[in-house]
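Here is a friendly walk through one protein model, from a surface patch to its helices and charged pairs. Have the structure open as you read.

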Amino acid sequence: ASSISESAMRLMTSMKDEQRRAGGLLKQLMILDINEDVDPGLFVSDDHQTGAVYVTPLMTATDTAAWMNKEEANAVAIEDRIFCGEKGAIRGELSELRDRLLDMIHSNRQLGDLERLPRVDFTLDVDELAEWRDEADIVVDRLREEIRYEDLAKQYLWNIVRIQCWNSMEEKPRSLRGFHLDIFVDNYPMAPRSKPSATMLEEVSRCRAVEIADAAARKTLEVGYMRATDITGIEDEDDAKEGVEAEESEMETPPALMGSLAQEFSIDHPFSSNQFQLNSREQKYHEVILVADSIYQVKKAFNEKFADIYRAKEQELNRVTERNLRIKKIIGDLKLSDAVYEPKWTDDEKSERLLDVTDSEVPFEKFISA
């Protein structure tokens, strides 16, 4: 008797599982009472559309499963064969109930506004519908909270990138394009000098100033000593002056010996050394820092000229805009259909536009939620 009661309980549990899974369609139909224009067939799986009712898959045991699992799988299979008729009858009733309900919903959608029943009248279990709605609200609230935190993280990262890579730039990237020619010139984006770099440049400049002063003092002492001992062979003061001038002319080394063309761009670094005089490691290290400073000064001078030309183009565009207003008025008075050339700034020339997103850049339709 106990084995029969246990089998009956397992059968009832299995039948409840079948009803719960097969009732998925009915639960979907319960949710559809909100929107009258939605076709319920869109929310039905392929098996439901073909008339088949979902069947719970039988428990299967692999070859490596334990003895208890194998015995349980065999008992479930025997039970399914014993009660397959009852299960088939239940599935048939559910399928018939589903078809009748779908036909009623479809017929109701074809009626007029006065005769059409609200979708809630086709809900078979109002309590289950309310439970599903509560679960859906919980899921939606959780998703909204997750999306809100993701948006906050992205906004924080955007703010960090903007501060470090844009706001902190001493010279922001910019281009200049021709009016009618497809040519453009870019400036040099420059970040401000860091405090360690500025400190190192100041120390190197101070060391080079001391070295230059020391070399000049040594030469002065050598000239005075040679004059006093009269071993230079210089006969008079005029010859001495010529010797000093010759030495000063030797100090002005050409760019080939300096290893830099900065002088051609009006950038004359006073502490640069002749590259053939760089003997020690410390001198080479100091010269690397001075060359980097020369490059910085060349870029800065180029950006200044670039800014002057940029302002000139801006003034020219303003004049063209003013003249176009007059030209458009004349064309309108003459009733002509001639096009007027209107030059505009590009995103490369106005690089700050890259940080702003306009409505025209979003190819999706706006959606305003409650």
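Is Val139 buried or exposed, or partly exposed? Val139 is partly exposed, because its relative accessible area is 34%; buried means under 20% relative accessible area, exposed means over 50%, and partly exposed lies in between (1.4 Å probe, protein chains only). Before going on, please note that this is a predicted model, in which local features need pLDDT of at least 70 and side-chain atom pairs count only at pLDDT 80 or more, while totals for chains, interfaces and linings use all residues. Residues are numbered from 1 along each chain as its sequence is written, and side-chain values use heavy atoms, with hydrogens and water left out.

## The overall picture

The protein has 10 helices and 2 strands. Both kinds of element are DSSP runs numbered from the N terminus: helices are H or I with at least four residues, and strands are E with at least two. Read from the N terminus, the order is α-α-α-α-α-α-β-β-α-α-α-α.

Of the 370 residues of the protein, 21% count as buried. The protein exposes about 28000 Å², and carbon and sulfur atoms supply 57% of that area; accessible areas come from the Shrake-Rupley method with a 1.4 Å probe, and for residues only the protein chains shown count as cover. Among contacts with a separation of 6 or more, 60% come from residues 24 or more positions apart, where contact means heavy atoms within 4.5 Å.

Val139 lies in helix α6, which covers residues 126-167. The end C-alpha atoms of α6 are 58 Å apart, which agrees with the 62 Å that its 42 residues should span at 1.5 Å a residue; the expected span is 1.5 Å times one less than the number of residues. Glu128, Leu129 and Trp166 are buried in α6.

Together with Leu143 and Ile147, Val139 forms a nonpolar patch on the surface, with about 240 Å² of accessible area for the three together. Patches are made of residues with over 30% relative accessible area and no salt bridge; like charges are joined within 9 Å, and nonpolar side chains (Val, Leu, Ile, Met, Phe, Trp, Tyr) within 5 Å.

## Charged pairs along the helices

Side chains of opposite charge can pair when their charged atoms come close. A search of the whole structure finds 16 salt bridges, each being a side-chain nitrogen of Lys or Arg within 4 Å of a carboxyl oxygen of Asp or Glu. Three of these pairs are set out below.

| Pair | N to O distance |
|---|---|
| Glu145 and Arg148 | 2.8 Å |
| Asp214 and Arg218 | 3.0 Å |
| Asp308 and Arg311 | 2.3 Å |

Glu145 and Arg148 both belong to helix α6, 3 residues apart, which is about one turn of the helix. Glu145 is partly exposed at 33% relative accessible area, and Arg148 is partly exposed at 40%. In helix α7 (residues 195-229), Asp214 and Arg218 are 4 residues apart, again about one turn. Asp214 counts as partly exposed at 39%, whereas Arg218 is exposed at 52%.

What separates Asp308 and Arg311 in helix α10? About one helical turn lies between Asp308 and Arg311, because they are 3 residues apart in α10 (residues 281-334). Asp308 is partly exposed with a relative accessible area of 42%, and Arg311 is partly exposed at 44%. Elsewhere, salt bridges that share partners join Arg177, Asp182 and Asp348 into one network.

Lys313 is in helix α10 and is buried, with a relative accessible area of 10%. Leaving aside neighbours within four places in sequence, Lys313 is in contact with Leu176, Arg177, Phe179, Trp345 and Glu349.

Lys335 sits in the segment after α10 and counts as exposed at 76% relative accessibility. The phi of Lys335 is near 55 degrees, a positive value in a residue other than glycine.

Within α4, Ala73, Glu79 and Asp80 are buried. They cover an arc of only 125 degrees around the axis, so they lie on the same side of α4; the arc is that of the directions from the helix axis to the C-beta atoms. On the other side of α4, Trp67, Met68, Arg81 and Ile82 are exposed.
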